Amino acid sequence: MIVADQKPFHEIKGFVEAHQNILVAGCGTCVTVCLSGGAAEARLLASGLRIAFQRENQNKTIEEDTVLRQCDEEFVLPLLQRVKEENIDAVITLACGVGVNFLADRLGHIPVFPGVNTTFYGAVMEPGLWAEMCSGCGQCITHLTGGICPIARCSKRLFNGPCGGSERGRCEVDPQNTPCVWQLILDRMKQLGRLHDLQNFIPAKDWRPALDGGVRHTVRERIYRLDYKNP
Amino acid sequence: MDNRSVILPGDPLPNCSAACPVHTDTRGYAEAISEGNYEKALDLLLQANPFPSVCGRICHHPCEKECRRKEVDAPVSLRMLKRFVVENTREYRRARRQRIEPTQGKKVAIIGSGPAGLTVAHDLALLGYHTIVFEQDSQLGGMLAHAIPRYRLPLHALREDIDDILAMGVETRTACRVGVDISLEEIRKKHDAVVLAIGLSESVTLPIPGSESEGVFPGITFLWDVANGHPPPLGDRVLIIGGGNVAVDAARTARRLGVGQVFMACLETPEEMPAWQWEIQEAREEGIEILNSWGPKAVLSRGGKVAGMELKRCTRVFDDHGRFAPQYDEARTMTLDVDQVIMTIGQRADLSCVKETELAVERGRLMCDSHTLSTSEPGVFACGEVLTGPGSAIHAIASGHRAAQAVHHYLQTGERLVLPREDVPSLGLLPQRVASLARKMTRREAALLDPRERIGDFSEIESPFNEREALEEARRCLACATGARLESSQACAGCLTCARVCPFGVATVDRTAAMPAEECQACGLCAAECPAAGIALKRFATNQMKQTLGEILAPARAVKIWTPFLVAYCCLYETTSRKYLKPQSLEEIEGSGILRIMVPCVGRLSSLDLVEPFEMGADRVVVIACKEEGCLYMGSEELLGRRVAHAQKFLKEIGLEKASLQFRQTRGSAEASWPAIWKEVQHETAPESEKESLK
Ligand SMILES: Cc1cc2nc3c(=O)[nH]c(=O)nc-3n(C[C@H](O)[C@H](O)[C@H](O)COP(=O)(O)OP(=O)(O)OC[C@H]3O[C@@H](n4cnc5c(N)ncnc54)[C@H](O)[C@@H]3O)c2cc1C
């Protein structure tokens, strides 16, 4: 799941100072789950903005709306409709960066502002705590490392064992909260009876499938451009 | 969103309502009491039952027996709550009385003015029929007026209920014995339908040697005479034969007439006795001696007068199929010297009024179909105990409701209505795993006079709940099935937050969230935390608050308001009177600059609820929770504390001062501590500009 944190209030408010009819758009999937951009947060932020502008005697209209996902045309259509019909002149989206782009692509001259900082792909370690687990590098190597990713979970993204900052199994960058991923990999490979595999050198990674190779796309031929839909 | 707890057709009923023969909205009236809306509680009571005063006193309260709170600690004292409502809404009740004009152009005669007959009259009058009740006695009320002793049911309580019914325009002919003063046939000719609600007004007699002696009284006659102010002269030792409620009433009545030694002899063992256990207990406290497993053999007499009673050992009352089939050990007997014997071994109908009519009677019973309530003659119906056999007032009332339906149908269509068998789905037991997590709260019992004082006269022995007691007891209601509900599965992201915060382990997520109504304890924590704002609570929605605030703070009005304007969310469970539960008038709000919002546990307030008042113009918000560790819901205090902190941080980012949103706890009672809290929060560190406008 994509994890995001809400931006500081004053930053968000700053984006829309010059605008009049503002829509706060929540997203009903990842950011709802991580409590940063669902319907409840959208309403709260909208209310906060109304309070803040009222206190400055600025008369603005601030609406809110939340859709299931801001990364699918069908779901964002109602938002686009509202923007048009209600003369919205700025949108704050609480979706991850995908939502910001997806809306911006479709809203022409209407600015779209990010309400959250999209941080990582993570999992719930315990209720209320999320940790990064994947970096979306485009070429997974976790089959070599017992299923544990040294890119997402090593501060230095080392491929062939720990650095000198690994102390008693913890990472020197943040020993309290972060285990050394190479300790985890070592333990795991032992458990799997594959410790010897770690003697094989992992060659330098081809970073092209990651961002370095340009904008990434994925096509699923099974449903892509169905002829009968586009005669 | 009002009437949140209204039961919709098809909904399983809370056990209390399902167990009540008239399905009183028990949960609804408990909720209304806890909200200080005693009038609404009365409306709910009267919707189901024209005899709430009577039932508040003497109902055998099957609702309590089934109350789901028994899995937590003990049932809610529902009967006493009902009594509290009627005793605290007298004026309102008089004012809501309404004469109903008969618009149907049809007349219905009802024979018998017991609870069954009067209920029929009430229901049919409501439907626009002209109704006339014939009663042989000079007083209306049947057994309620004549048999149930005054120390349990004072006449004025009965009067309150009857006055309501009469006020609708129901006509009565008292001291008119059908079959003697007027024939049933004549009544049939003059009316479009007739309902026989003649009850069981005769005591069953025992054909044993000596039963004709002077000093043997049938129980009903005895109670009837006492109720009407003609008690028979009694000696110092009296024996009651029987182990049912009528026997207990007769025994306790004799004791109040000054009899020094009152005995009850019954076939049953203490556990088998048909009388209610609490009645038996109270009788024992009053010095009545119960001789269990003894059956009557002969009345001993001297000069035609009762001198004693010979009893024989009863070895078994019921056969293997649970049927009444007493067996005796004739060899084991005992004699008891007594001056009078009162027989209370059962009742039967006095069917003399149907003699010489076409109505079929078989083996002393009026022939009547229990599904259509029809007798053998078209247009003649029966209900109440003459149909059902001995029961309770509330069963007789339920039977009256059914008869009214049957009569209405007959008068509209000319046909018999087959009333469906009563089969109401209920919520079932509260699972132990949930019950064990709910906070225990001691049940408040009715306070009874000291037994020595009780037997002095026929004054009522039970004291009503005072307001504080009633409010406390009403809060014990688990408000079954009025909790959280996922508004639409679309909104749910399956984030598990509800499951993680639910203190009762009730909320689960399987693709989408589920809060089974029959388990949810209505604490509201899941709704407050749901990031999709997708969980609704059936009780307490803040939209009412928004509306009120909107009205008050509308720009045109704002000038009149004292600032700083305070919105106070208060835990309604802390009030001991309805002083602060009553809705505030606009003048009061404007005058004080305080808007109170009573919340059934402030733990259910969301961050938005805490912030939104500022948007609507409030200057301060205070959340006043219950006393420390006083919360009904485990975990609520902690979560609320964190939520308030979150909202405070947010407000600070917006630029509001720190004191804007505050969290306080009640000390002592709400009435004692809240005003000081309000003043403090309202004035504390108020900027100079605001202070000037304060009084
Ligand atoms: C001693 C005693 C104690 C009780 N205690 C309780 C209790 O604590 N709680 C509880 O719930 N229930 C109690 N009950 C039961 C309750 O009183 C009855 O269930 C209820 O009264 C039955 O109602 P009904 O309308 O069917 O008949 P009744 O109340 O018996 O009414 C029948 C009426 O018809 C009249 N009538 C009969 N024949 C004629 C005629 N020919 N012409 C004109 N009028 C006629 C009678 O005078 C009577 O007024 C008690 C009953 C008794 C006897």
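Student: Which are the buried residues of α2(B)?

Tutor: They are T26(B), R27(B), G28(B), Y29(B), A30(B), E31(B), A32(B), I33(B) and S34(B). Buried means under 20% relative accessible area, exposed over 50%, and partly exposed in between, with a 1.4 Å probe and protein chains only. Helices (H or I, at least four residues) and strands (E, at least two) are DSSP runs numbered from the N terminus. This is a predicted model, where local features need pLDDT of at least 70, side-chain atom pairs count only at pLDDT 80 or more, and totals for chains, interfaces and linings use all residues. Residues are numbered from 1 along each chain as its sequence is written, chains are lettered from A and ligands numbered from 1 in written order, and side-chain values use heavy atoms, leaving out hydrogens and water.

Student: Why is helix α2 of chain B largely enclosed?

Tutor: Nine of its nine residues (26-34) are buried, so the rest of the structure largely encloses α2 of chain B. The cover, judged by contact (heavy atoms within 4.5 Å), includes α1, α3, α6 and α19 of chain B.

Student: How do I read strand pairing?

Tutor: Strands of a sheet pair through backbone hydrogen bonds, either parallel or antiparallel. Here, two strands pair if DSSP finds at least two bridges between them. In chain A, three strands form an open antiparallel sheet, ordered β1-β6-β7. Its edge strands are β1 (2-6) and β7 (129-134), each pairing on one side only.

Student: How many bridges join β6 of chain A to β7(A)?

Tutor: Five. Look for G122(A), standing opposite E132(A) in β7(A).
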